[in-house]
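Subject: Structure handover

Hello,

I am passing on the structure we spoke about, with notes on what was found in it. Please look through it alongside the text below.

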Amino acid sequence: MFRKVLVACRGIPALRIIRTCRELGIRSVVPCSEADRTALPVLLADETVCIGPAPLRDSYLNVSRLLAAAEITRCDALHPGWGFLGADPEFADATISSGIAFIGPGPDTLQLLADRLAQRRLAQELKIPVVPGTEETVSSPAQAVTAAQQLGLPVVVRPVASSLRSSRLIVKEKDIEYQVRMCQAEVRAHSSTEQVYLERHLSRTRPVEVLVIFSQAVADWEVGFYHREQDLLVFSPANLPGNLRNRLYRWSKLLAERLQFQGALVARFLIDEDNTPYFFQLSSELSPWHPLAEIITGMDIVAAQLKVAAGEKDGTISAGKGVRALAAGIRAEDPDADFEPSTGIVRELLLPGGPHLRVESCIYPGYEIPGEYDLLLVNLFSWGADLETAVRRLLRGFAELNFGGIRTNTDLLNAVLRRPAFGTPGSLVIS
């Protein structure tokens, strides 16, 4: 097993990894920006290294500073968590070239996963259905018009780079040139290319994700509330007929086996109104919702990642507990003011407790929420014998939450949970 791990992320992911490292007797090192000097992961890590000012390009996205922190603290492994550079093949390659183990897939696998078109081709090779779309990039509005006519409007223009979420819906032919150029500009702002492609827009689909570890599909979950490209309410297991779940698990396993993937892999599918499934995307990053799988299976997925990377995989996965689990992402933003960020000092704080609740958070009384980073405060999980029980317990948790003067989206999540149809097939709420 590793002796010391650099945790190359911040916030909830960093704290999650630190805790498992401590259980396994592994020392943790947290690189932090100047804005995060008082963050809880920094305070709880065995060692910390300041890697630069608040802007991401000068700190958490700065490969040379991250690797320098690993080298000066003599880390023998690096865990990227999720977000930031976790899916960057160049970062993985640079880490391995520095003689440091990368907790995740190798650069070649990450290179394939970074390309949505390559992922689509992989799925098609395995006879897994994909959303109808262009097989090559669309470089001009004229190409886009031809492709849209072949696919049939409406269509969605998406970045080829899987790390980018910018996508634009095209309903009318007259809007094609504008939307394609806008998507290309958004891609160009974050990368050296402007590659985009088109997919047919499937209305009323619901996202379902399957977690594969040790090349075994172990759990699935479904998004119940989606806001501004963020999953905010998620429940597990998903609403799937048994034969459909078996297909999704088989396909997910096939994808992992083709990639020779032994870590944690998440396969995302779209399910339409007729329960017809379409492959959408693969991710090698640890999902923020992985505790749903841990609740159901009883396993520690971060520990499994570390064991796989250290060559100690035993391949044992606990059986599911037969429970329904539910998760909510609570953010420091004001829904009544167009989701304006609510930052500042957390002068009061009460986090929920009691049976059948799990809290993932890195805030504490006196902590100042920085405006430079993601506004996620808490991931709150509940579980029970059925979804109704899990919902009641999550609502109990909401009732106990108190962030002082910090505004959050809790009332909005509360309202969505109280909808009679929440969690039933086709009840996805998008805002």
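The second largest cavity has a volume of about 30 Å³. Its lining is made up of Arg10, Gly11, Val30, Cys32, Asp36, Ala39, Pro41, Val42 and Tyr60. Two or more residues of that lining come from each of β2 and α2 (40-44). Sorted by class, the lining of the second largest cavity holds 6 nonpolar, 1 polar and 2 charged residues. Here Ala, Val, Leu, Ile, Met, Phe, Trp, Tyr, Cys and Pro are nonpolar, Asp, Glu, Lys and Arg are charged, and the others, Gly among them, are polar.

This is a predicted model, in which local features need pLDDT of at least 70 and side-chain atom pairs count only at pLDDT 80 or more, while totals for chains, interfaces and linings use all residues. Residues are numbered from 1 along each chain as its sequence is written, and side-chain values use heavy atoms, with hydrogens and water left out.

A cavity is a set of points, on a 1 Å grid over the protein atoms alone, where a 1.4 Å probe fits but cannot get out; lining residues have an atom within 4 Å of a point. Grid points are joined across faces, edges and corners, and a volume is the space filled by probe spheres set on the points. The count is 2 cavities of 30 Å³ or more.

The largest cavity has a volume of about 40 Å³. Arg116, Gln119, Arg120, Tyr197, Glu199, Phe279 and Phe280 line the largest cavity, and α6 gives the most to this lining, with 3 residues. The lining of the largest cavity divides into 3 nonpolar, 1 polar and 3 charged residues.

Now the strands. Helices (H or I, at least four residues) and strands (E, at least two) are DSSP runs, numbered from the N terminus. Strand β2 (residues 27-33) has 6 of its 7 residues buried, that is, under 20% relative accessible area with a 1.4 Å probe, protein chains only. Strands pair if DSSP finds at least two bridges between them. β2 runs parallel to β1 (residues 4-7), with 3 bridges, and parallel to β3 (residues 47-52), with 5 bridges. Val30 of the second cavity's lining stands opposite Thr48 in β3.

In strand β6 (residues 155-159), 5 of 5 residues are buried. β6 is antiparallel to β7 (residues 168-170) over 3 bridges and antiparallel to β8 (residues 196-200) over 5 bridges. Val155 is opposite Ile170 in β7, and Val157 is opposite Leu198 in β8.

Regards

How values were computed. Buried means under 20% relative accessible area, exposed over 50%, partly exposed in between (1.4 Å probe, protein chains only). On a 1 Å grid over the protein atoms alone, a cavity is a set of points where a 1.4 Å probe fits but cannot get out, and a pocket is an open set with protein on both sides within 12 Å along at least five of seven lines; lining residues have an atom within 4 Å of a point.
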